[in-house]
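Let's take a walk through this protein together. Keep the 3D view open and follow along.

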Amino acid sequence: MTTSSNLSRSHHRLMGFLLLVAIFLTAQRTIVAQTQPDTAKSLDLGGVTEQHVMVPMRDGKHLSVYLYLPEGDGPWPVLFEQRYASLRGNSTRLFAAELAKRGYVVALVNYRGTHLSEGKWVGYRTIQWGELQDGYDVCEWLAEQKWSTGKVGTFGSSQGGYAQNYLAVTQPPHLVCQYMVDTGLSLFQEGYRIGGTTRPERFKGMDGVARNPQDNRDLLAEWFQHPHFDDYWKAEDASRHFDKMNVPCFTIGSWYDFMNQGSIASFQGRQAHGGPNSRGQQQLLIGPWLHGRTNKGNRVGELTYPENAAWPSLDHMVEWFDHYLKGKDNKVEEAPTVRYYVMGATGEPDAPGNVWRSADDFPPQSTATPIYLQQDKSLSEKLPAKNESFTSYISDPLNPMEIPGRSFPGARDARAFEEQSEVLTFTSEVLEHPIEWTGRVHAELFVSSTAPDTDFIVRISDVYPDGRSILIVDYPWRARYRDGFDHEVLMEAGNVYKVGFPVGWMSQIFNKGHRIRVTIASTGAPLYEPNPQTGKPLTIEFPEDAQKATNSIHHSKKYPSKIIAPVIHQN
């Protein structure tokens, strides 16, 4: 069979894979459509009144808002959340009702151009600090209603976390405090892109939230007109405006969540650089959880942590709001500034870790410790000895290695990925004593490729004595952005390049008898959509001329690829 025939067949296989993704996303769009108000089920909300209103914005458009009012005459403080996702699921409505029972009016708001909200869907841009400031307008409208005390707080996770950072920058006069879970600051780094990798198939699915699906297609095309971190992306980067954030906020992050970088950065920026009502008045909590608001229990992925890992999200949120919005002296503001869960082995009774620690700031002091990749696929703190040493593998975007799903598969056994043909693993010797890493792990790879552009995915796992490789963090990086997201530099065959990037935040004690594993690959679909590897401008539709490459990870004395670990030395 000719090479061109092989390429054609491979391309058809990839197209078939992408078609399956499209079918899945179409099914998701159908689910969204079925949760519109005319089909939402009648629920017993325990005396809470549910109302739908259309709230006017400064340009005359109206946003769809669902109100949940407690029994009685009020007035009450108001809590609100902004989302592009449907607000009509049973769990969402019951959660809002439960908050209302605690003595709050709760408002659930859909972004402009989504579901019943009027206007054009342009992602998050109309809830930021531009000409339109929908979040500001909603906040002030809520404060002015007869059932409102005029004090407003916000809550929400992920998309609802971004919305809160954006809202804080606009400084609505009646915003008093916030409560964020698994949040973000910059959509280029933490949403639409991850490590410079593009995600068109993922965001084509946003057709399903837009009233006019063409709005989403226009938006996607707009993103691809801005391949670098230019003024277009800077205009919605909240990390550039911490000085305008001026309210106390409780922020929850999750170790098994790539967006933990946003949660930690939000806390750090507000705490150190925020306005006078922000600086020194933030609190941060990081636990052993996956991305999401309602999953902060002790069962995570394939692991069961001790019961102390669970966090009482609803009760604590109410305590936070009771203090700042109702003036209750419940001492919630006197809790430690930072609390973080140090993860340890599960199912091992004497394993160190699985405890909460408190601190005045984050991260704690650690020792940046280089751990080098070795020719024999081991890890060692010793520099490689050979003058020339590298390991090569194939990166084929038409036949990618597989990481199923669209969510980070943390706290699960990663061997199914590690055992695939074009995936490299480097594993330490069995540990003779426990080792703690708390902080941000970085990778510093020396690489070469036959392609002008490719991706590198780095993963860190805790290998149990029974062989399970429990994934803790991973992150991809697109090689063309190795010198910064504001410009691209392609590679030339035969040259060796340094690609350094943060892999993720973690707090883990690797127990005695365990091993530490670093996994490297260049593809992992559909979680990470493949790089075409041509070096050409990236496109929404996968190109016909995507090419296979041979990538090499160097581990020699001259080119010592390594992981830089934040090691905590016990006293």
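Start with the open sheet of 10 strands, ordered β1-β2-β4-β3-β5-β6-β9-β10-β13-β14 with mixed pairing. Here a strand is a DSSP run of E, at least two residues long, numbered from the N terminus, and two strands pair if DSSP finds at least two bridges between them. At the edges you'll find β1 (49-56) and β14 (355-359), each with a single partner strand, so one side of each has no neighbour in the sheet. From one strand to the next, the twist averages 25°, with angles running from 0 to 180 degrees between N-to-C directions of axes, which are lines fitted to C-alpha atoms (for helices, over the stretch in contact).

This is a predicted model, so to speak: local features need pLDDT of at least 70, side-chain atom pairs count only at 80 or more, and totals for chains, interfaces and linings use all residues. Residues are numbered from 1 along each chain as its sequence is written, and side-chain values use heavy atoms, leaving out hydrogens and water.

Now zoom in on β3 (residues 76-83) and β4 (residues 105-110): they run parallel, joined by 6 bridges. Leucine 79 has valine 106 in β4 as its bridge partner.

Next, the helices (DSSP runs of H or I, at least four residues). Helix α3 (residues 134-144) lies across β1, β2 (62-69), β3, β4, β5 (148-157) and β6 (175-181), running at about 155° to β3. Helix α9 (residues 260-273) also packs on the sheet, touching β6, β9 (249-256), β10 (283-290) and β13 (338-342); contact means heavy atoms within 4.5 Å. The direction of α9 makes about 150° with that of β9.
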